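Here is a walk through a protein structure for someone meeting it for the first time. Could you keep the sequence and the 3D view open while you read?

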Amino acid sequence: MIYSKGGASRTLKKEVIAADLVVVGGGMSGVCTAITAARQGLRVTLVQDRSVLGGNASSEVRLWILGATSHMGNNNRWSREGGVIDEILVENVYRNPEGNAVILDMILLDKVKQEDNIRLLLNTSVYEVHKAAGDRIKSLSAFCSQNSTQYELMSSLFCDASGDGIVGFLSGAAFRMGAETREEFDEAMAPDTSYGELLGHTLYFYTKDIGKTVSYTAPAFAMDVTKEIPRFKNFNAKEHGCKLWWVEYGGRLDTVHDTEEIKWELWKIIYGVWDYIKNSGQFPEADTLTLEWVGMVPGKRESRRFEGDYILTQKDIVEQRQHPDAIAYGGWSIDLHPADGVFSDRQPCNQWHSKGVFHIPYRCLYSRNIENLFLAGRLISVSHVAFGATRVMATCAYVAQAVAMAAKLCVQQQLLPREIGQTGYMKELQKELQRSGQYIPGFHLSDSSDLVQQAELTSSSNLDFKGFSKEHMLWKPLTIAAAQLIPVTVGTLPIFFLDIEATQTTVLNVELRGSERKGGFTPDRELAKMQIRVKPGFQTVTLDFELELNEDQYIFLTFLQNEHVRLAYTHQRISGLLSVFNGVNKAVSNNGKQIALPGSGVDSFEFWTPQRRPDGHNLAIQLTAGLSVFGVENVRNGIDRPTVRPNAWVAATDDQQPIISIKWKQKQHIRRIEINFDTDLDHAMESVLMTHPETVMPFCVRNYTIEDGNGKIIYTQQGNFQTRNVIELPESCVTDQLIISLEHPSAEVPAAIFAVRCYA
């Protein structure tokens with residue numbers, strides 16, 4: 001029993017926690033920073049002011065996680081982010097293909113709690129920063145509302161991933177809020193005051209069909225949306241959740257301190273929207289629908305942006321400028337919204353895409369004036385215009401993983417964040433990121449500690465691609481232009497063949513296209529073209545472009561729209577091969593072609609995008625000469641996704657027992673083996689609301705074994721679904737050979753591996 005007579009004032013319980021890195025903010029950026037750092041051996045304190053992790057992706061807000069893949073509606077092929085964010089997204093699809101936000105909460109909590117090096121503080125808010133001499137943070141004060149405990153969080157390194165930048169703000173870090181002028185960074189897209197300088201907040205709601213009539217009485221504060229919302233006719237009974245992202249408000253207010261006011265206005269709108277849907281008589285299909293959930297926490301897009309040693313701008317994105325200190329990439333469009341949000345009569349967003357992914361440099365990830373403060377998430381050092389492309393969650397999380405790796409180097413070498421770039425450790429940082437699954441465009445992993453680099457590599461077979469299987473072909477009309485992406489090498493281009501069917505005599509226009517930008521996937525360079533006169537009925541067309549190529553590249557074998565023609569497709573799928581279409585994806589302002597406005601500073605180009613499975617079949621092309629681009633040497637070339645080549649080893653389709661042999665001249669002591677499989681980095685794994693057709697990507701090897709040189713099985717995997725398999729052996733394996741035996745994922749998909757690495 002505890003009994004107190006009262007009297008003297010009391011103090012809160014206080015706990016002091018020391019760590020190597022304190023991460024403030026438990027959104028996707030903070031989560032990926034904390035997990036990455038913990039796996040590198042750092043002691044991490046992760047502070048989250050909410051009861052769940054995930055931030056805007058959590059069940060409190062319910063926005064889907066997206067990044068460079070952009071709903072598969074842009075020209076960024078194989079661009080899904082790697083590392084921990086990839087691991088989370090792949091696992092979410094495996095465990096939660098229905099996109100249940102509550103299940104995602106569980107997955108994130110599970111991931112964090114599995115890391116012994118993370119001390120997680122939920123419901124805990126930072127409210128004070130204590131600084132040492134100069135511009136260096138010594139500790140933070142935080143309070144947990146649930147256990148009435150005050151924490152003093154001590155470290156030599158701090159990461160602000162809080163969104164609004166509470167640590168940066170209190171510490172005196174330089175920041176910006178609102179839009180820069182066009183002149184400051186020569187940004188043609190910088191908005192004027194009529195458009196507004198800030199993006200607003202959004203609240204979502206979910207509905208449910210309960211199978212019987214449900215009445216609804218709106219609260220007194222509900223808004224009459226037919227009188228106040230210019231786009232009220234866009235509301236319908238079928239859409240809920242983040243498909244209503246455009247129900248936005250607050251861009252004219254202080255998006256930090258006016259958040260509660262903004263939330264109330266959004267509640268007025270939401271309950272008014274539902275009143276309109278339920279009681280206007282315009283939506284009889286809503287009769288059995290009930291309002292199941294309304295958000296209590298606004299999804300916040302923009303507030304403070306903190307200044308690093310470099311500020312990323314529009315030209316960095318559009319021109320895809322190369323940075324020697326690149327640590328990540330983005331690929332979302334420059335996506336700006338009118339500040340008046342849902343009350344504006346303008347388009348709800350202006351999305352302008354670049355012709356591929358763009359570098360994000362390390363200099364954007366630390367404060368320029370607070371010496372030991374890392375920046376992560378949407379508050380990194382970018383202009384307002386560039387922020388439109390860097391602010392989405394998968395990009396934020398991907399960038400944040402670089403903070404964790406940089407923190408590891410800082411602890412090991414006794415460095416401050418800025419000093420990594422000044423003292424020659426940048427290559428080490430980039431190497432460690434690539435080892436952990438983080439692709440950096442234009443870079444390849446060069447790792448002398450990888451024992452595979454000194455081994456002899458052989459395989460039971462390598463796919464010599466001479467065409468797709470013609471068994472059980474599909475026939476699809478050429479109602480929109482279609483193309484097959486084909487990886488070709490220097491030399492004479494093979495002759496292609498394709499079965500077609502014509503309903504009448506017509507002319508089939510075929511073009512061979514490439515990309516102006518090396519490694520890009522915008523077919524904006526015409527290599528050759530031909531017109532083929534076809535007769536009614538089934539026939540095989542021969543495509544001989546008589547072309548010599550001077551570099552390895554992906555080409556687009558393109559068939560322009562013709563409603564009188566059907567093309568043959570195959571059920572077979574192969575890593576690094578993909579069909580694309582000049583279609584439309586309204587979700588990302590893709591109308592088939594981006595037509596830049598005069599003076600906008602962006603490019604005009606066509607969109608050629610894939611279809612989601614179960615569609616997305618390859619064209620059943622045949623070749624006169626095989627494409628030898630799937631050799632076993634690819635597993636150690638340091639690039640773990642398709643670029644100008646597939647960069648994957650693929651076994652022959654008729655190889656019943658595919659193996660890779662790694663043999664050394666002398667015995668090696670092997671403790672760690674890393675294998676990167678194909679989980680379809682072209683598939684946008686939206687985390688909530690949107691369902692997925694499968695739980696495991698069809699290219700992913702599920703089952704494999706690893707044997708030593710004596711035939712002893714040292715590892716067996718059954719049911720793999722992850723991209724990156726990291727195998728820590730209980731004790732060193734002393735051998736001069738490893739043999740990896742794999743099963744094909746299915747009869748229609750041959751086994752493939754992007755990388756194999758071994759370490760002592």
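Let's start with tryptophan 78, which counts as buried at 7% relative accessibility (buried means under 20% relative accessible area, exposed over 50%, partly exposed in between, with a 1.4 Å probe and protein chains only). Before going further, a word on what you're looking at: this is a predicted model, where local features need pLDDT of at least 70 and side-chain atom pairs count only at pLDDT 80 or more, while totals for chains, interfaces and linings use all residues. Residues are numbered from 1 along each chain as its sequence is written, and side-chain values use heavy atoms, with hydrogens and water left out.

Back to tryptophan 78: you'll find it in the loop between strand S3 (44–47) and helix H2 (84–95). Helices (H or I, at least four residues) and strands (E, at least two) are DSSP runs, numbered from the N terminus. Tryptophan 78 isn't a glycine, yet its phi is positive, at about 50 degrees. Most residues other than glycine have a negative phi, and most peptide bonds are trans. Asparagine 123 also has a positive phi, near 55 degrees, and sits in the loop between strand S4 (118–121) and strand S5 (124–131). As for peptide bonds, the one from arginine 613 to proline 614 is cis, with omega near 15 degrees.

Now look at helix H1, which covers residues 28–39. Of its 12 residues, 11 are buried, so H1 is largely enclosed by the rest of the structure. Among the buried ones are Met28, Val31 and Ile35. Just after H1 comes glycine 41, with a positive phi of about 95 degrees.

What about the nonpolar core (a set of buried Ala, Val, Leu, Ile, Met, Phe, Trp, Tyr and Cys residues joined through side-chain atoms within 4.5 Å)? The largest one has 151 residues, and those touching the most other members include Leu140, Ile327 and Phe374. Helix H10 (residues 393–413) gives the most to this core, with 14 residues. A second, separate core has 44 residues, including Leu478 and Val510.

Finally, visit serine 515, in the loop between strand S27 (506–514) and strand S28 (525–534). Serine 515 is buried, with a relative accessible area of 11%. A polar atom of its side chain lies 3.0 Å from the backbone oxygen of threonine 522.

Note on methods. Expected span 1.5 Å × (residues − 1). Polar contact = N/O pair within 3.5 Å; in protein donor to acceptor, adjacent residues only side chain to side chain.
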